[in-house]
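Me: I have a protein model open and would like to learn how its features get their names. Could you take me through it?

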Amino acid sequence: MPESCSMEGSFHLMGGDFTNAGSASSALKAKLINSGVAQSIVRRAAIAAFEAEMNVIIHAVAGTLHYLITAEALTITVTDMGPGIEDVKLAMQEGYSTAPDWVREMGWGAGMGLPNISKHSDLFKLDTVVGEGTTLEIFFHLKERNADS
Amino acid sequence: MEHAFASTSRWSSTFAEEVYAMNLSKIIELVKGTVIIDSGGETDITSVCSADLLSNVLRYGKKGALLVTCLNQPQVIRSAEISDIPAVLLALGGIPEKDMIALAREKNIVLITTLLPMYTTCGILYIAGLRSCAEECDA
């Protein structure tokens with residue numbers, strides 16, 4: 001992507017909509033590929049976005065997934081109207097989950113969501129207020145990795 | 001309250017690159033599989049991811065892997081698509097949901113079923129030379 005250009009957009013996410021769960025991350029992945037982002041970064045970003053999207057589908061009433069692609073970085077911001085996270089340290093711990101059993105039976109709720117986002121991103125920020133919602137900002141450096149690919 | 005987390009990834013050398021590849025048609029023959037959705041082309045598989053937890057697929061799955069699972073719903077296909085996994089094998093005679101079949105068709109993900117259990121399926125593929133996406137837990 002040229003230095004001066006940037007691209008952004010957003011997707012609405014509906015809590016409990018398991019039929020379309022993942023469609024925002026899928027669309028984002030296609031946009032990243034079309035924007036010429038390196039394949040390895042596309043895969044990591046899509047995985048982090050998918051985990052964040054699933055958190056909204058599972059836990060929140062609704063949310064948005066916003067992306068901003070510049071020459072230097074990709075920023076994915078997922079904001080939800082959800083219950084918030086009471087104990088972030090616990091939520092970052094692999095295996096800790098507050099998802100109900102029926103969600104686990106679908107293959108989710110293993111307590112790997114936030115750890116997976118951490119693993120696949122270069123940096124992420126989490127801002128949460130119990131009873132109001134959560135915002136995740138997930139960052140990926142594009143410049144040096146694009147140069148590597 | 002805001003929290004920031006640096007990446008916990010270890011990208012460079014956690015696992016050696018796979019060198020072995022097996023054509024999917026050979027795999028279907030080995031596990032006596034039935035093809036539900038065909039991609040219409042040749043597919044080479046380089047490793048196997050066996051999981052019923054989709055976050056494990058997202059964490060350990062590798063590009064070009066075969067996903068072996070008993071989950072029969074559409075998010076399995078989403079997880080495969082997001083992880084660059086070209087084929088999903090439903091073990092133990094799993095019958096895919098309609099939405100799963102439709103999404104596999106839309107995303108060009110090969111969907112296969114076998115009557116064999118997961119353990120036996122994976123054992124056959126291991127003996128044939130395919131290895132796991134994650135040889136050891138990196139947690």
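**Strands, salt bridges and confidence**

Reply: Gladly. Strand E3 (residues 73-81) of chain A and strand E5 (residues 133-141) of chain A run antiparallel to each other and are joined by eight bridges. One of these bridges links A:Ala73 to A:His141 in E5(A). Please keep in mind that this is a predicted model.

Me: What makes E4(A) and E5(A) a pair of strands?

Reply: Two strands count as paired if DSSP finds at least two bridges between them. E4(A) and E5(A) have seven, in the antiparallel sense, so they qualify as a pair. As an example, A:Asp127 stands opposite A:Thr135 in E5(A). The hairpin of E4(A) and E5(A) has three residues between the strands, and A:Gly131 takes a positive phi near 90 degrees there.

Me: How do you know that strand E4 of chain A pairs with E1(B)?

Reply: We use the rule of at least two bridges again. Strand E4 (residues 123-129) of chain A and E1(B) share five bridges, so they are paired, and the sense is antiparallel. A:Leu126, for instance, has B:His3 in E1(B) as its bridge partner.

Me: Why is the link between B:Asp84 and A:Arg43 called a salt bridge?

Reply: The cut-off is 4 Å between a side-chain nitrogen of Lys or Arg and a carboxyl oxygen of Asp or Glu. The closest N and O atoms of B:Asp84 and A:Arg43 are 3.9 Å apart, so the pair meets the rule. This pair crosses between chains, with B:Asp84 in the loop between H3 and strand E7 (87-90) of chain B, and A:Arg43 in helix H2 (residues 39-59) of chain A.

Me: What makes A:Lys29 and B:Asp84 a salt bridge?

Reply: Their closest N and O atoms are 2.6 Å apart, which is within 4 Å, so this pair counts as well. Side chains of opposite charge can pair when their charged atoms come close.

Me: How many residues make the contact between the two chains, and how much area is buried?

Reply: Chain A gives 39 residues to the contact and chain B gives 33. The size of an interface is often given as the accessible area lost when the parts come together. Here about 3,200 Å² is buried between chain B and chain A, with carbon and sulfur atoms giving 50% of that area. There are also 16 residue pairs in polar contact between the chains, counting pairs with both residues at pLDDT 80 or more. The side of chain B that touches chain A has 11 nonpolar, 11 polar and 11 charged residues.

Me: How do you know which parts of the model to read with care?

Reply: Look at pLDDT, the predictor's confidence on a scale from 0 to 100. Chain A averages 92, and 93% of the residues score at least 70. Chain B averages 89, with 86% of the residues at 70 or above. Yet pLDDT stays under 50 over residues 145-149 of chain A and over residues 10-16 of chain B. Where pLDDT is low, the predicted coordinates should not be read in detail. The model scores ipTM 0.87 and pTM 0.88.

Methods
Residues are numbered from 1 along each chain as its sequence is written. Chains are lettered from A and ligands numbered from 1 in the order in which they are written. Side-chain values use heavy atoms; hydrogens and water are left out. Contact means heavy atoms within 4.5 Å. Buried area is the accessible area (1.4 Å probe) that two parts lose on being put together, summed over both. A polar contact is a pair of N or O atoms within 3.5 Å; within protein, one must be able to donate a hydrogen and the other to accept it, and residues adjacent in sequence count only if both atoms are side-chain atoms. Ala, Val, Leu, Ile, Met, Phe, Trp, Tyr, Cys and Pro count as nonpolar, Asp, Glu, Lys and Arg as charged, and the others, Gly among them, as polar. Helices (H or I, at least four residues) and strands (E, at least two) are DSSP runs, numbered from the N terminus.
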